[in-house]
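Some notes on this model follow, point by point. Please read them beside the structure.

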Amino acid sequence: MSQTPDGPRTYLLVDGENIDATLGMSVLGRRPNPDERPRWDRITEHARSRWGNPVTALFFLNATSGQMPMSFVQALLAMGYHPIPLSGDPGEKVVDIGIQRTLAELRSRPGDVLLASHDGDFLPQVEDLLDGERRVGLIAFREFVNLQFAELADRGLEVVDLEDDIHAFTVPLPRVRIIPLASFDPARYL
């Protein structure tokens, strides 16, 4: 288990744009309603209970427009997240670059890492973290995870499903995915 000066720690990095876009475009086929969005506090609690460590939760936001969704930022702060509003040149993937830099920095620090994203742009940094000394997980909708992440499972990457494992939603989502028979609940479909 990785140690920090204060003991073991889990770093939770959230690519909110990616999670929201996948939910909207791939799962729902439209913009999510407020009751269909993830409960970010449940994700933090899962990160805390998964490995029993305190959590440093970072939520990356694109603030290139010069505007921040202040009510959302305040809600994140109230849930213990550190909002990271980044800006850059038009067309620059500021959230991806910020997360890539943070993952690279974590390589030189002790601690376990959970990344909430489906984005394959983070593969090199996630692969570098799979050093056998820390636990590394990917939080996503399992059926939309970049296939190269699935290949890293043999090296220790844990894939955690937002709905099935974390129960981050208050309403069932209309997902079509492979269901292990042991967890099949026919009542959900009747």
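1. Helix H2 covers residues 40-51, and its 12 residues should span 16 Å at 1.5 Å a residue; the end C-alpha atoms lie 18 Å apart, which agrees. The expected span is 1.5 Å times one less than the number of residues. Helices (H or I, at least four residues) and strands (E, at least two) are DSSP runs numbered from the N terminus.

2. The model is predicted: local features need pLDDT of at least 70, side-chain atom pairs count only at pLDDT 80 or more, and totals for chains, interfaces and linings use all residues. Residues are numbered from 1 along each chain as its sequence is written, and side-chain values use heavy atoms, with hydrogens and water left out.

3. Trp40, Ile43, Thr44, His46, Ala47 and Trp51 are the buried residues of H2 (buried: under 20% relative accessible area, 1.4 Å probe, protein chains only). Viewed down the axis of H2, they fall within an arc of 155°, so they line one face of the helix; the arc is taken from the directions from the helix axis to the C-beta atoms.

4. Six strands form an open sheet in the order S3-S2-S1-S4-S5-S6, with parallel pairing (a pair needs at least two DSSP bridges). S3 (81-86) and S6 (158-161) are at the edges with a single partner strand each, so one side of each has no neighbour in the sheet.

5. S5 (residues 136-140) and S6 run parallel and are joined by four bridges. Ala140 stands opposite Asp161 in S6.

Methods. Buried means under 20% relative accessible area, exposed over 50%, partly exposed in between (1.4 Å probe, protein chains only).
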